[in-house]
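I opened the model to check a few simple things. My notes follow in the order I looked them up.

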Amino acid sequence: SGRGTVGHHVHIAARDIKSHHGVRLTSMERTVLDLASALCDEDLLSALDNILWRRRPPGERATPTSIADAFTRFRGRRGRGRLLELIPFATNRSDSSPETAFRWRFHQAGFPPALPNLPVLDSRGQFVALPDLQFEGFRMCFDYEGDHHRTDRVQWQKDIARVPRLQDIGWHHTRLSAADLAHPDESLARTRRLLIERGWSPHPLR
């Protein structure tokens with residue numbers, strides 16, 4: 001207590017407290033639920049993807065079962081309803097928050113489901129690329145390129161080589177950046193146009 005301080009009190013069950021390098025913390029599931037009233041849908045989905053991430057050590061990642069169990073126990077908490085709506089969109093295959101952001105924005109735009117980090121194979125079943133996102137049925141894929149794609153020479157060379165291999169098997173590849181994340185209208189409009197050109201039929205506007 002003190003001037004300029006607002007105190008809060010909450011009961012936290014022992015099962016919702018974890019130890020990390022000797023520091024006691026709320027569990028990942030409980031932490032995401034506590035953030036639900038403060039974050040937008042896009043950031044909440046990113047948090048869910050993060051705690052599910054397949055590259056986390058097994059003991060340091062959530063599962064659909066552990067999330068469902070936590071949410072069942074925290075009925076009535078602010079933001080819980082929004083999280084329940086987002087859970088079906090969460091995945092353990094999103095490797096970054098920008099990937100999650102674009103996946104969510106594609107969904108909000110009414111596009112087909114964008115599949116995260118699944119291999120693209122050629123007609124012989126040979127591996128071609130592992131794009132961040134793809135519209136499989138329309139042979140379209142996307143990669144978000146942060147600064148390390150520009151500054152890491154090996155990564156840069158891989159990025160350059162990937163595009164012609166995808167083009168050779170009829171895939172359209174789009175490179176996305178922080179500018180597209182900040183101002184998405186142009187990239188969303190281009191994506192919509194390309195989807196229609198490749199046979200997608202958008203639902204009528206309601």
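I began with helix H2, residues 41-52. Its twelve residues, at 1.5 Å each, should span 16 Å, and I find the end C-alpha atoms 17 Å apart, which agrees. I note here that this is a predicted model.

Next I asked how many of the twelve residues of H2 are buried. The count is nine, so the helix is largely enclosed by the rest of the structure. I listed the buried ones: Glu42, Leu44, Leu45, Ser46, Ala47, Leu48, Asp49, Ile51 and Leu52. I then looked up what covers them, and the cover includes helices H1 (28-35), H3 (64-73), H4 (80-86) and H5 (97-108).

I turned to the cysteines. I searched for disulfides and the structure holds zero. Cys40 is partly exposed, at a relative accessible area of 40%. Cys141, by contrast, is buried, with a value of 0%.

Last, I took totals for the whole chain. I logged nine helices and eight strands. The C-alpha trace spans about 65 × 45 × 35 Å along its principal axes. The chain has 206 residues, and 37% of them count as buried. Taking contacts with a separation of 6 or more, I found that 57% join residues 24 or more positions apart.

For charge, I have 31 positive and 25 negative side chains, and the centres of the two sets lie 5 Å apart.

Definitions and conventions:
Residues are numbered from 1 along each chain as its sequence is written. This is a predicted model: local features need pLDDT of at least 70, side-chain atom pairs count only at pLDDT 80 or more; totals for chains, interfaces and linings use all residues. Side-chain values use heavy atoms; hydrogens and water are left out. Helices (H or I, at least four residues) and strands (E, at least two) are DSSP runs, numbered from the N terminus. The expected span of a helix is 1.5 Å times one less than its number of residues. Buried means under 20% relative accessible area, exposed over 50%, partly exposed in between (1.4 Å probe, protein chains only). Contact means heavy atoms within 4.5 Å. A disulfide is a pair of cysteine sulfur atoms within 2.5 Å. Lys and Arg count as positive and Asp and Glu as negative; His and the chain ends are not counted. The place of a charge is taken as NZ of Lys, CZ of Arg, CG of Asp or CD of Glu.
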